[in-house]
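Have the structure open beside you and follow along from topic to topic.

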Amino acid sequence: MPTSPLRLDALARTLLHTAAFALAFCAALLAALPAAAATDEPPDLRWSVTPADESGPDDRRVVEHELDPGETVEDRFAVRNISEEEVTFTLTAADGFYTRTGRFDILASDRESVGAGTWITVPESVTVGPGETEIVDFSLTVPERAEPGDHAAGITASILSVQTGDDGTSVGVESRIGFRVLTRVTGEITPAAAVQNVDGVYDLSWNPLRPGEATVTFELVNEGNTRLLAEGTVNAGGGSTAFPPEDENRQELLPGDSREISVPVDGVWPLFAVPVDVSFAPEVVTADGSTSTLDPVVAGTTLWAIPWPHLAILAGVALLVIAVMSGRTRSRRKLDALLADAREQGRKSAEEKAETP
């Protein structure tokens, strides 16, 4: 059957449209390839940094030394490259600190250390092959005028990757892994602690047969020159809660540290003014790893706990009693009025009978 000119024209237009679409798709794909290649994706790198001896990583999680002012100690750490490519890691020593959540960290690379981080000397970098481990030597020298007590620092091995944002700008991201270096400088050791800024709120139970909950917030302060492990008890209106909970580790306070903590206390009845006290009994970490407990430090306050449901019930009962008593009074007045009227009617009837001949 012969093909009509109209059908040939339609077929030609369809082929042209299909070819144009294919060309456009290929062009878009080719244009996308360089952009994808230019994206700086962070490499899949994994590594670990742990204290070590000359043969490799040892059982230590933290490097701890007790040194005299002016004394120097040599130590080691291991950098293990778990990746499949060779990596050059930047090595850094810096002052250590605990965050508000109790996590240990060291100063960022753009901040200058002024404490124990300056006592440590490490190489600038180390190159580790894939799957290999390098042992790195470092030294720690305590200044002659260093204050007695505990000083914290950390050593990290880091890499810097460059990532491109949606707006095309390049952002450097530093990833670092390390360990703590804790130094106790010999001399007079004076552990001390304080509890400050005790405050709280009362959460009322609208069930009048159930007590409410008090949330007590306070600040623990390490006023001495040794590390402290925070633990204690919060008492509020007869209820008591220990901190930290059994399933949580005790937070550590370095000398000069302060930490804000909130503790919920259940089973507190709303007695208008609820007495609250915080008993802080920290443990002192000694140089040999043992601990000793300080005498508890106690601070307190008073929380307002207005028993609104109970007052509402009392008010309702009072209104009901008033209503009942008021009703009885009105009923008695009506009865007295009826009796008086009846007596008056009886008197009049008697007078009328007496006047009749």
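The points below cover a sheet, then some aromatic contacts. Please keep in mind that this is a predicted model.

**The sheet**
- Four strands make up an open sheet with antiparallel pairing, and their order is β16-β15-β19-β22.
- At the edges you will find β16 (239-243) and β22 (297-305), each of which pairs on one side only.
- On average, neighbouring strands of this sheet are turned by 15° against each other, with direction ignored.
- Strand β19 (residues 272-280) runs antiparallel to β22, and nine bridges join the two.
- To locate this pairing on screen, look for Pro 275, whose bridge partner in β22 is Thr 302.

**Aromatic contacts around Phe 77**
- The structure holds five aromatic pairs.
- One of them is the tilted pair of Phe 77 and Phe 138, with 5.8 Å from centre to centre and 45° between the planes.
- Because Phe 77 lies in strand β4 (residues 72-81) and Phe 138 in strand β9 (residues 133-141), this pair ties together parts that are 61 residues apart in sequence.
- Phe 77 and Phe 138 are both buried.
- Together with Phe 179, Phe 77 and Phe 138 form one aromatic cluster.

- Tyr 98 and Phe 104 form an edge-to-face pair, at 5.2 Å centre to centre and 75° between the planes.
- Tyr 98 has 11% relative accessibility, so this residue counts as buried, the cut-off being under 20%.
- Phe 104 has a further contact: Arg 180 lies over the face of its ring, at 5.7 Å from the ring centre.

Definitions and conventions: Residues numbered from 1 in each chain as written. Predicted model: local features only at pLDDT ≥ 70, side-chain atom pairs only at ≥ 80, totals over all residues. Heavy atoms only, no water. Pairing = 2+ DSSP bridges. Axes fitted to C-alpha atoms, helices over the stretch in contact; angles between N-to-C directions. Phe/Tyr/Trp six-rings, centres within 6.5 Å; stacked < 30°, edge-to-face > 60°. Buried < 20%, exposed > 50% of the residue type's maximum accessible area, 1.4 Å probe, protein only. Lys NZ or Arg CZ within 6 Å of the ring centre and 35° of its normal.
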